[in-house]
Protein chains: 2
Amino acid sequence: MTTIKDVAAYCNVAVSTVSRVLNNHPDVSPDTRARVLDAVRVLHYVPNSSARDLVLPQTDSIGLVVRGAENPFFTPVIRAVEGSCEAAGYSMVLHQIPAGADEVAEGAALAMSKRLRGLILLGGRYDYTQQEVSSIGVPFVCCTHTNHFGDLDRTAFSSVSVDDKAEAIRAVQLLLDRGHTDIAILLDDRDDHSISERRYKGYCETLRAAGIEPDDDLVIETGSFVMGAAYRATADFLARRRNFTAIFAIADTMAIAALKALHDAGLRVPEDCSVIAIDGIEMSNYTIPTLSTLSQPQATLGEEAVRILVDVLEGKAGHRHVRLETTLRPGGTVGSR
Amino acid sequence: MTTIKDVAAYCNVAVSTVSRVLNNHPDVSPDTRARVLDAVRVLHYVPNSSARDLVLPQTDSIGLVVRGAENPFFTPVIRAVEGSCEAAGYSMVLHQIPAGADEVAEGAALAMSKRLRGLILLGGRYDYTQQEVSSIGVPFVCCTHTNHFGDLDRTAFSSVSVDDKAEAIRAVQLLLDRGHTDIAILLDDRDDHSISERRYKGYCETLRAAGIEPDDDLVIETGSFVMGAAYRATADFLARRRNFTAIFAIADTMAIAALKALHDAGLRVPEDCSVIAIDGIEMSNYTIPTLSTLSQPQATLGEEAVRILVDVLEGKAGHRHVRLETTLRPGGTVGSR
């Protein structure tokens, strides 16, 4: 068990300095604060919260860690989380991190330094380990993701999300029903142990059920959720392969970038290529044609995450796992083969 | 001078209850909290902060009130504010409010209830009065707006934004230079005492300098910054008028909705109608054609707001007013007449 002395020794500061950082005193330099929080992460230090509570009152704050804050999909979710926190008498502390960052370590550090009551992790990995999350130290809810690849005890955390595999099956089936058989998939990374891998599994299963062997050459991997990466990956794909008639994009932002790449390569949507996605962000109502997509209930995802966390914090219910469903917005990017 | 007793009497609660709300104690019902904060706003109550400071330490928090949080233009600004706050050793407390809400009252209530050091108001009105802002009680910075129509003493607050009128002049001049003379403007409300009015003034001045009398019939007013409103207003305009060759949209989101309305009405961009905007959001790189727009330095706006506020808080400098410039992203939506 790591103690506060271990943390102090690791970063060569006094125990009182570590204490000041963990209790969020302003009289610590940003550099020292960063070093102490790094040590806390590396050493998996769990503070003795009963000792802390003697000194400082618990706050009424819930932390929201947003991984990949540039994704417009999250904007209405963040809004709903803030509104629901306020309605329930809690404050929301927002922390935005890049898409590739470690939301568990960042969340753990935030929970300690801000003395949070609980955490909502928005847009995270699907493979948390029990040891890794032990550093969080407060109840948490995974919002928009589950823990399919990890070893967490399901009673020790909550989640609210759509069923990624089932929704991917639905999207690909819609394309099959319109006569498409050569269907490409646009995703981040098929082995990411996360959202891409789950949706890729759904894609493969649907094709196989229809007697079609998935073709590695029809996988367009972007390596990131950044729109520029989706544009370039689609453009590269179009430069090497043309015998396909549809793209399933795992996110609206990727689909919007793909529509642009298809246009720039001289292909018409949906005449030459159909496109379907999952998300339903506001902007995809205004693509030309309107994007065909499975809309996620963005506000409900945020509201439900807060409801679950508040129930746990107030002892009204234990942890639970909620699956929500998408709604098809037909749009105009899917045509018949 | 309003006292805490006046506030308690106004909402029929005990003085101790008002005190608990202002000091952010968790043991107040959400309903009572809302009533007390409403009374604080209505009565322009300014708490005696030196008395408060005897009881509770000041936090290291800076509040960010985002007015119109659904606007994707703000996402990179919010990200930059959070990063800059953290780098300077402060926490950011986010509060998102609808586009029509009163950011001064909301900011004042937030500053009190969270015991903030300072405030950044992102996307606000341009007509604050001295009396109105007295309730804020902490230093504040207007980010993306100035106080052109209000009576604030310039040494009592800071601002960082582009020069709305100058940027509108630049956009309209670009259209004039390509031979356009019948130029429509797409805006929220030409008399809003805010961003729309400033940019509308720039539009009128540029036309007049070119010998063109602005035509009321070429003003497309949406009444809001919501994309759906911009789409409907443009569609209504196109149903009644076709003898124009260009649209200046005061925001990228409005321009993206207009591109869709033009397409749905059978008009080609830029052959039948040119479109230029101001903002430079990421999404407008992916419209077809790419939107021609004057890009605002979104991250710099956020960074600069924090730098100014921290300088004021730490006594390193007084309030100041910074004007930043846009950069033309040529795009493909502007053609020659």
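B:E103 is buried in this predicted model, with a relative accessible area of 0%. Its salt-bridge partner is B:R67, and the closest N and O atoms of the two are 3.0 Å apart. The bridge connects distant parts of chain B, since B:E103 belongs to helix α6 (residues 103-113) and B:R67 to strand β1 (residues 61-67), 36 residues apart. The model as a whole holds 40 salt bridges over all chains, and chains A and B bury about 3400 Å² between them.

**Salt bridges within a helix**

- In chain A, E167 and R170 form a salt bridge: the closest N and O atoms of A:E167 and A:R170 are 3.9 Å apart.
- Helix α8 (residues 164-177) of chain A contains both A:E167 and A:R170, which are 3 residues apart, or about one turn of the helix.
- A:E167 is buried, at a relative accessible area of 6%, whereas A:R170 is partly exposed, at 33%.
- In chain B, B:R307 is bridged to B:E304, with 2.5 Å between the closest N and O atoms.
- B:R307 and B:E304 are separated by about one helical turn because they are 3 residues apart in helix α12 (residues 298-313) of chain B.
- B:E304 has a relative accessible area of 13% and is buried, while B:R307 is partly exposed at 44%.

**A salt-bridge network in chain A**

- A:D102, A:R125, A:D127 and A:E132 are joined into one network by salt bridges that share partners.

**The interface of chains A and B**

- Chain A contributes 43 residues to the contact, and chain B contributes 43 residues.
- Of the area of about 3400 Å² buried between the two chains, 55% is on carbon and sulfur atoms.
- Across this interface there are 2 salt bridges.
- A:E70 and B:R79 form a salt bridge, their closest N and O atoms lying 3.4 Å apart.
- Polar contacts between chain A and chain B amount to 14 residue pairs, counting residues at pLDDT 80 or more.
- On the side of chain A that touches chain B, at least two residues each come from α3 (30-42), α5 (74-87), β2 (91-97), α10 (227-240) and α11 (252-264) of chain A.
- By residue class, that side of chain A comprises 22 nonpolar, 12 polar and 9 charged residues.

**The largest nonpolar core**

- The largest nonpolar core has 154 residues, and those touching the most other members are A:I120, A:Y203, A:F248, B:I120, B:Y203 and B:F248.
- Helix α11 of chain A gives the most to this core, with 8 residues.
- Helix α11 of chain A, residues 252-264, also supplies at least two residues of the side of chain A that touches chain B.
- B:I120, listed above among the core residues with the most contacts to other members, touches B:I62, B:G63, B:L64, B:V65, B:V81, B:V141, B:C143, B:A305, B:V306 and B:L309, leaving aside residues up to four places away in sequence.
- Among these contacts of B:I120 are B:I62, B:G63, B:L64 and B:V65, which fall in strand β1 (residues 61-67) of chain B.
- B:A305, B:V306 and B:L309 are also touched by B:I120, and they fall in helix α12 (residues 298-313) of chain B.

Technical notes:
Residues numbered from 1 in each chain as written. Chains lettered and ligands numbered in written order. Predicted model: local features only at pLDDT ≥ 70, side-chain atom pairs only at ≥ 80, totals over all residues. Heavy atoms only, no water. Salt bridge = Lys/Arg side-chain N within 4 Å of Asp/Glu carboxyl O. Helix = DSSP H or I, 4+ residues; strand = E, 2+ residues; numbered from the N terminus. Buried < 20%, exposed > 50% of the residue type's maximum accessible area, 1.4 Å probe, protein only. Contact = heavy atoms within 4.5 Å. Buried area = accessible area lost by both parts, 1.4 Å probe. Polar contact = N/O pair within 3.5 Å; in protein donor to acceptor, adjacent residues only side chain to side chain. Nonpolar A, V, L, I, M, F, W, Y, C, P; charged D, E, K, R; others polar. Core = buried A, V, L, I, M, F, W, Y, C linked by side-chain atoms within 4.5 Å.
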